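The reader may wish to keep the structure in view while following the sections below.

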Amino acid sequence: MQLIPESENIYQPARGMLLLAEPYIFDPNFNRTVILLTEHNDEGSVGFILNKKLELGLADIIDLDTQADIPVYYGGPVQNNTLHFIHRDPAYAEGGFRITDDIYWGGSFEHIQQSIERGNFDTDDFRFFLGYSGWSVGQLASELHDKNWIVAPATVETLFEKKPFELWRGTMRSLGGSFRIMANSPENPHMN
């Protein structure tokens, strides 16, 4: 069941944009997900799921001398044994990539680890991920053609200030029009 009207999906995929799963993607990896595209070019696309928080914390994954509770998110099904991070602090951006004027992917993890252990680290400026979401050449274009994704603009507030469980519905509503109706659609249409 495809609900996305052709005329309303006006944004194009690009680095720094969001992909919102259409309401009835039943793939458990992507059901009701919001993905930040960190790379989109002729070689394919890479992104991170922003709203699937894991029960693990960063100290459960790497050796850290801290009591801080730093959440980790499921970035996607590709190489889910790799750790990635996005952030909004240019002080940590060396060695990373600028996604937008205010958002960075990667950087000096050693610098981050030292800041965490010294206790001068703001967890609200970072999102850590296990794995990532990836598309080969033409794959994302095909999925967009099939209306599996809605492209939306990303903001720093969307990435770092909204609660993960509210992100899909809130971002969908912010697009207005029929997307507001889709935001309220039941997860299982057969239960309605």
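This is a predicted model: local features need pLDDT of at least 70, side-chain atom pairs count only at pLDDT 80 or more; totals for chains, interfaces and linings use all residues.

A search of the whole structure finds 15 aromatic pairs. In one of them, the ring centres of phenylalanine 109 and phenylalanine 128 lie 6.3 Å apart with the planes at 90°, so the pair is edge-to-face. The two residues are 19 residues apart and the pair links distant parts of the chain, with phenylalanine 109 in helix H2 (residues 109-118) and phenylalanine 128 in strand S9 (residues 126-135).

Phenylalanine 128 is buried, with a relative accessible area of 1%. This residue also pairs with phenylalanine 121, where the centres are 6.4 Å apart and the planes stand at 40°, so that pair is tilted. Phenylalanine 121 is itself buried, at a relative accessible area of 15%.

Taken together, ring pairs join Phe85, Tyr92, Phe109, Phe121, Phe126 and Phe128 into a cluster.

Which residues of H2 are buried? They include Ile112, Ser115 and Ile116, and, seen down the axis of H2, the buried residues fall within an arc of 100°, so they line one face of the helix. As background, an α-helix has 3.6 residues a turn, so residues three or four places apart point the same way.

The buried residues of H2 pack against helix H1 (58-61), strand S6 (78-87) and S9, whereas Glu110 and Arg118, on the other side of H2, are exposed. Just after H2, glycine 119 takes a positive phi of about 85°.

## The enclosed cavity

Rolling a probe the size of a water molecule over the atoms shows where empty space is left. For this model, a search of the whole structure finds one cavity of 30 Å³ or more, and about 30 Å³ of space lies in the largest cavity.

The residues that line the largest cavity are Ile70, Pro71, Thr123, Phe126, Arg127 and Phe128. By class, this lining has four nonpolar, one polar and one charged residues, and its largest share, three residues, comes from S9.

Conventions: Residues are numbered from 1 along each chain as its sequence is written. Side-chain values use heavy atoms; hydrogens and water are left out. Rings of Phe, Tyr and Trp (its six-membered ring) pair if their centres lie within 6.5 Å; planes under 30 degrees apart count as stacked, over 60 as edge-to-face and the rest as tilted. Helices (H or I, at least four residues) and strands (E, at least two) are DSSP runs, numbered from the N terminus. Buried means under 20% relative accessible area, exposed over 50%, partly exposed in between (1.4 Å probe, protein chains only). The arc is that of the directions from the helix axis to the C-beta atoms. Contact means heavy atoms within 4.5 Å. On a 1 Å grid over the protein atoms alone, a cavity is a set of points where a 1.4 Å probe fits but cannot get out, and a pocket is an open set with protein on both sides within 12 Å along at least five of seven lines; lining residues have an atom within 4 Å of a point. Grid points are joined across faces, edges and corners, and a volume is the space filled by probe spheres set on the points. Ala, Val, Leu, Ile, Met, Phe, Trp, Tyr, Cys and Pro count as nonpolar, Asp, Glu, Lys and Arg as charged, and the others, Gly among them, as polar.
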